[in-house]
Amino acid sequence: LTLSKIYHLKRSISYSKITYVFTFLLFASPIRAQIAETFYSKKEIIEDLNYVIDRFDHLAPKPYIRSDSLSIRLKKDSIISTLSDSVSTSVARRTIAKFISSYRLGHSQMNFWALYIDSLPHFPFGVQIKNSKIFIETNSSNDASLTPGIEITSINNIGSDSLISELLSCMSLEFNETKEYYISIYFDYMLRFYYEWHDPVFTLTLKNDDGSTIKGEYKKTGINNSSSTITSGDPFFTDFKEDSIAQITIKRFSGFKRKTWHHFLEKSFQEISNRGRPYLVIDIRGNEGGNSTYLRELAAYLSKENISFEGKMIRKTTLERKRYFRNYFFKWYTYPLYPLILLNREARGVLVGKDGSIHISNEKPEKLPKVSYPYSGKVFLMTDRGTYSTASMLASCFQCYGIAKIVGIGSGEPTIGDGDAVDVILSNTGCRFSVGTAIWFNPCFEKADQNQMLIPDILCEQGKEYEFLLKYLKEKQ
């Protein structure tokens with residue numbers, strides 16, 4: 001049994017209403033308590049920064065894969081020199097987040113979205129961050145006349161360029177384009193977490209296309225004035241807009257049941273087979289990843305080869321990692337299998353290995369499951385800087401084994417990255433952050449560029465991948 005196969009033993013448990021109420025009461029109180037602005041001493045911040053270093057050294061197998069010990073400590077000294085004797089909650093969070101981001105490990109970052117619940121006030125616009133500027137993408141405000149594309153030049157009297165620069169420095173992702181993508185998605189969470197902006201009314205300065213500016217107060221109404229589109233609950237769908245092309249869009253690899261995924265793939269490839277489409281486009285732009293065990297069934301429709309998704313792995317055994325994996329993989333009904341799992345060398349190292357020990361393993365190519373409607377046409381995979389984690393692994397694997405041609409500017413995560421993160425809570429500020437306990441070398445990572453980034457087969461501007469691909473196929477025909 002491998003760890004990926006062990007995962008299949010896990011089953012979701014339907015919680016009763018009583019459980020949900022209990023969970024809400026348990027977590028809502030500390031969450032709401034953090035809304036009040038509190039202050040911390042300089043000594044407390046220094047202690048938390050030192051603990052961050054301690055946790056990275058203790059938990060990560062290669063904490064300095066994109067930095068070095070000296071530069072991290074110099075960064076800490078630089079941050080300390082700018083601190084005042086008393087630091088507010090928002091400043092403390094930004095200070096610690098900036099320090100964590102200096103490690104430049106994408107899965108090791110401040111956990112800002114888990115501290116708030118959706119009933120709290122949100123920002124009145126969906127935004128797109130581009131070149132450190134903020135643009136309205138969707139409008140849920142009290143002013144329905146505002147259209148997508150209008151620039152927001154200040155929020156609560158803070159200039160947008162200064163605000164975005166601050167948020168970029170708080171993100172641990174490896175490249176600015178990827179950071180901007182995910183700041184756009186989690187913008188309202190980040191404003192509440194890093195600036196303590198909980199008031200439902202925002203003072204904004206807007207810049208029109210003609211250069212004129214408007215300053216006013218805006219609040220969220222809950223109505224999206226930009227679009228009447230209704231989307232389904234599942235994060236994937238298939239369409240046949242073009243005569244010769246079938247397109248599968250996958251927004252994420254999480255939040256759905258395995259049976260749902262299985263039925264979706266079977267139904268989609270049956271329809272693709274019936275229609276006889278020579279080209280298949282798989283769109284994973286903006287896919288932030290999820291459960292890597294879903295990738296194998298998708299690949300089964302596209303390849304007959306034995307393949308490896310995870311490539312080479314370096315793992316570090318710690319008490320925290322053991323606890324995480326036991327909680328993640330094992331429920332009471334899987335305990336009888338525990339002795340069998342210990343026969344596997346990889347699982348043994350993770351679950352019962354000596355603390356501090358390093359385990360290096362290479363995932364051997366495995367046979368894919370049989371499917372009813374294998375696809376034999378040409379496959380293209382559209383990616384962008386929002387393609388991350390498991391989705392980035394998929395792109396690297398498909399390119400490595402010649403399953404698909406990569407279209408776009410590449411993915412958002414390097415072909416060498418961290419993962420299997422465990423949570424750490426700082427004792428003074430209460431900030432929660434994650435530290436990756438494994439380093440993953442995606443298949444064919446040697447073919448990446450000097451920044452360890454995947455090199456696309458068909459290079460084009462971000463946001464125009466589909467149009468470029470259509471033109472490419474027509475010219476090729």
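Which residue does a disulfide join to C400?

1. The partner is C444: a disulfide joins C400 to C444, with an S to S distance of 1.9 Å. Do keep in mind as you read that this is a predicted model. A search of the whole structure finds one disulfide, and the link of C400 and C444 is right-handed, with 50° about the S-S bond.

2. As for where the two cysteines sit, the pair links distant parts of the chain, 44 residues apart. C400 belongs to helix α14 (residues 390–400), while C444 lies in the loop between β17 (432–441) and β18 (458–459).

3. It is worth checking how the cysteines stand towards the surface. C400 has a relative accessible area of 24% and is therefore partly exposed. C444, with a relative accessible area of 23%, is likewise partly exposed. The cut-off matters here, because buried means under 20% relative accessible area. C170 counts as buried, at 2% relative accessibility, and C431 is buried too, with a relative accessible area of 4%.

4. Now for a helix pair. Helix α5 (residues 89–101) and helix α8 (residues 187–195) pack at an angle of about 110°, and their axes are 6 Å apart. That angle makes α5 roughly perpendicular to α8, because angles of 65 to 115 degrees count as roughly perpendicular.

5. Which residues make this contact? From α5 they are S90, R93, R94 and A97; from α8 they are R192, F193, Y194 and Y195. By residue class, the contact of α5 with α8 divides into four nonpolar, one polar and three charged.

6. A word on confidence, which you will want beside you when reading the model. The protein averages a pLDDT of 84, and 83% of the residues score at least 70. Confidence is highest in strand β5 (residues 151–155), at 97, and lowest in helix α1 (residues 3–7), at a mean of 37.

7. Finally, two stretches to treat separately. Over residues 1–34 the pLDDT is below 50, and this stretch has 39 contacts in the model beyond near neighbours in sequence. Residues 227–232 also have a pLDDT below 50, but that stretch has zero contacts in the model beyond near neighbours in sequence.

Note on methods
Residues are numbered from 1 along each chain as its sequence is written. This is a predicted model: local features need pLDDT of at least 70, side-chain atom pairs count only at pLDDT 80 or more; totals for chains, interfaces and linings use all residues. Side-chain values use heavy atoms; hydrogens and water are left out. Axes are lines fitted to C-alpha atoms, for helices over the stretch in contact, and angles run from 0 to 180 degrees between N-to-C directions. Helices (H or I, at least four residues) and strands (E, at least two) are DSSP runs, numbered from the N terminus. Angles under 35 degrees count as roughly parallel, over 145 as roughly antiparallel, 65 to 115 as roughly perpendicular and the rest as oblique. Contact means heavy atoms within 4.5 Å. Ala, Val, Leu, Ile, Met, Phe, Trp, Tyr, Cys and Pro count as nonpolar, Asp, Glu, Lys and Arg as charged, and the others, Gly among them, as polar. pLDDT is the predictor's confidence in each residue, from 0 to 100. A disulfide is a pair of cysteine sulfur atoms within 2.5 Å. Buried means under 20% relative accessible area, exposed over 50%, partly exposed in between (1.4 Å probe, protein chains only).
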